[in-house]
Amino acid sequence: MTQKFPFDHFLKLDNLNEAQPVALPQEKMVSSVVIEKTLKSITTNQPKVDSEFSSEELKTITEAILEHIKGLINPNKFHAYFANTLTVSSINQEIVEFVVTTSFIKKMIETHDLETIKQALMEILGKEFQVVIQVLGSKSSMSSNSENILNSIKTTKIENAKNNSFFIQDLSPTKDDLYKAVESQVIEHLAPTSSSQIDTNKTFENFIVGTSNNIAHALSMAVAKDPGKTYPALYVYGNSGLGKTHLVHAIANSIQNNKPSMRICITSANKFMNEMIQLIQDKKFQEFRQKYVEKTDVLIIDDIHELKNRSGTQDQFFHIFNELMERGKQLVFTSDKPPKEIDGIEDRIRTRLSSALPVEVQQPDLETRIAILKKKAIEKDIYLSDDVVTLIAKCVKSNIRELEGCLIKLGAVTSILKVDIDLEVAKEHLNLNEELENQKHITVETIAKTVCNYYKIPLGDLRGKAKTKEVALPRQVTMYLINKLLKPTLKENGQYFSGRDHSTVLHAINTIKDRIKIESILAQQVLDLEKQL
């Protein structure tokens, strides 16, 4: 196992036989016997595996896999859970075994990133493998506290030595390392989830009702109580992050609990289209019709405005809408705008959507924002004093998602930086100041809206599939600004724009970088936008 495990990935043993003496602090000198026993202990405790690859080959494969993963996830997360910790230790025909440094990292990767690793293996090795993850040295964490995220930051270096003795230095995490760990935890918690499954955590019971959403809440409850009868078609609209998705999942949960025989289909306009295309290609279109007409009692479609400029999908939606209404089924839609403001849809589709009962979810007022923060803090077991809650609620006004992001960040600050949250800590880490009249909390949403206002285009067009010149440039500028100001992964950046892949985002960023070097007008536009943000 010793020759197969790439110890040089973790231990630097070069320059052991230098002729010149190396002055070392006396208290940090360790005899070669101790080191030899340590290496022997590590090797002995490692699970025995059978690999046909040499240590150099495993090292090369490790580097290729890490490089591929680096382009798929957030940089902070990569450095916390992968860089200098994840190593390939064995490969056979069906299984690739990895070694990591702590139990915490093992748990995080197994919970959230196995598919990412499998995707990297497919790209690098050309086939699917099972993934097994072990902890270096033992079956448990090398730290006495396996839940400490800082274990992913600590490293041990073995440096130059004299007369077969070693200098061992334990590097404590830097301030920058700690901040990266905080950001990684925030990104992990707020990562987007699939809308094709009913989210059991989104219910009417934990939905905070205020003047901005009380009508939408009441109508949603009425729909859930008597599906297909009281309001056969409901159309909930408003800006992103205000609770529309929470309401429609609450409807689904309520119907599922009280009327379990009813068949609920919840999806998004994009997934609706992709599923239709795939089944047509597979010559199984009849299955598509059966699923959405014959096997559905409640159809919920999120972001219905994404049907714009998709004539084939609109045609199928038109027929499904009519058939479900004739059968007395329930239809629920969400959108960022009312039907009359959606460009790129046929008049017959606009007419059908306009026949649904429209209800707007507005930006929450201060009282509702405070109530939301307090409720979320209790759910997540994060203690915040009233003055901190009020500070956040006064400064973060745009949507609920941003409020939750602030809350999660403060929770991460408490657990990782080991500090209590008071007003000064909240102001420092959230960059908030209620004394500033034009206080802005920069997010993907605020960047996108600022660009839309600047170029006079609808937000739905910016996020949608339109490729016209009027939309393409603002979209590329938005991706560039998001990358520059927020530094998400390419995948996370593209997710906001109808799930565009990382290569599209990278092309947009590089295009704007190149153009602003030679086009003074565009350079000035980008500068103006940055000043507004």
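Predicted model: local features only at pLDDT ≥ 70, side-chain atom pairs only at ≥ 80, totals over all residues.
Q: How many helices and strands in the protein chain?
A: There are 22 helices and eleven strands. Helices (H or I, at least four residues) and strands (E, at least two) are DSSP runs, numbered from the N terminus.

Q: How much of the chain counts as buried?
A: 48% of its 533 residues. Buried means under 20% relative accessible area, exposed over 50%, partly exposed in between (1.4 Å probe, protein chains only).

Q: New topic. Which strands form the open sheet, and in what order?
A: Three strands, in the order E2-E3-E4, with mixed pairing. Two strands pair if DSSP finds at least two bridges between them.

Q: Which strands stand at the edges?
A: Strand E2 (87-91) and strand E4 (130-135). Each has a single partner strand, so one side of each is left without a neighbour in the sheet.

Q: How do E2 and E3 pair?
A: E2 and strand E3 (residues 95-100) are antiparallel, over four bridges. A hairpin through three residues joins E2 to E3. Isoleucine 91 stands opposite valine 96 in E3. Valine 88 has phenylalanine 98 in E3 as its bridge partner.

Q: And E3 to E4, parallel or antiparallel?
A: E3 and E4 run parallel, joined by six bridges. Isoleucine 95 has glutamine 130 in E4 as its bridge partner.

Q: Is E3 enclosed or open, and why?
A: E3 is largely enclosed by the rest of the structure, because five of its six residues are buried.

Q: Switching to the surface. Which residues form the nonpolar patch?
A: Ile442, Leu485 and Leu486, with about 190 Å² of accessible area together. Areas come from the Shrake-Rupley method with a 1.4 Å probe; for residues, only the protein chains shown count as cover. Like charges are joined within 9 Å, nonpolar side chains (Val, Leu, Ile, Met, Phe, Trp, Tyr) within 5 Å.

Q: Where is leucine 486?
A: Leucine 486 is in helix H19 (residues 469-486). Leucine 486 is partly exposed, with a relative accessible area of 32%.

Notes. Residues numbered from 1 in each chain as written. Heavy atoms only, no water. Patch = residues over 30% accessible without salt bridge, like charges linked within 9 Å, V, L, I, M, F, W, Y side chains within 5 Å. Salt bridge = Lys/Arg side-chain N within 4 Å of Asp/Glu carboxyl O.
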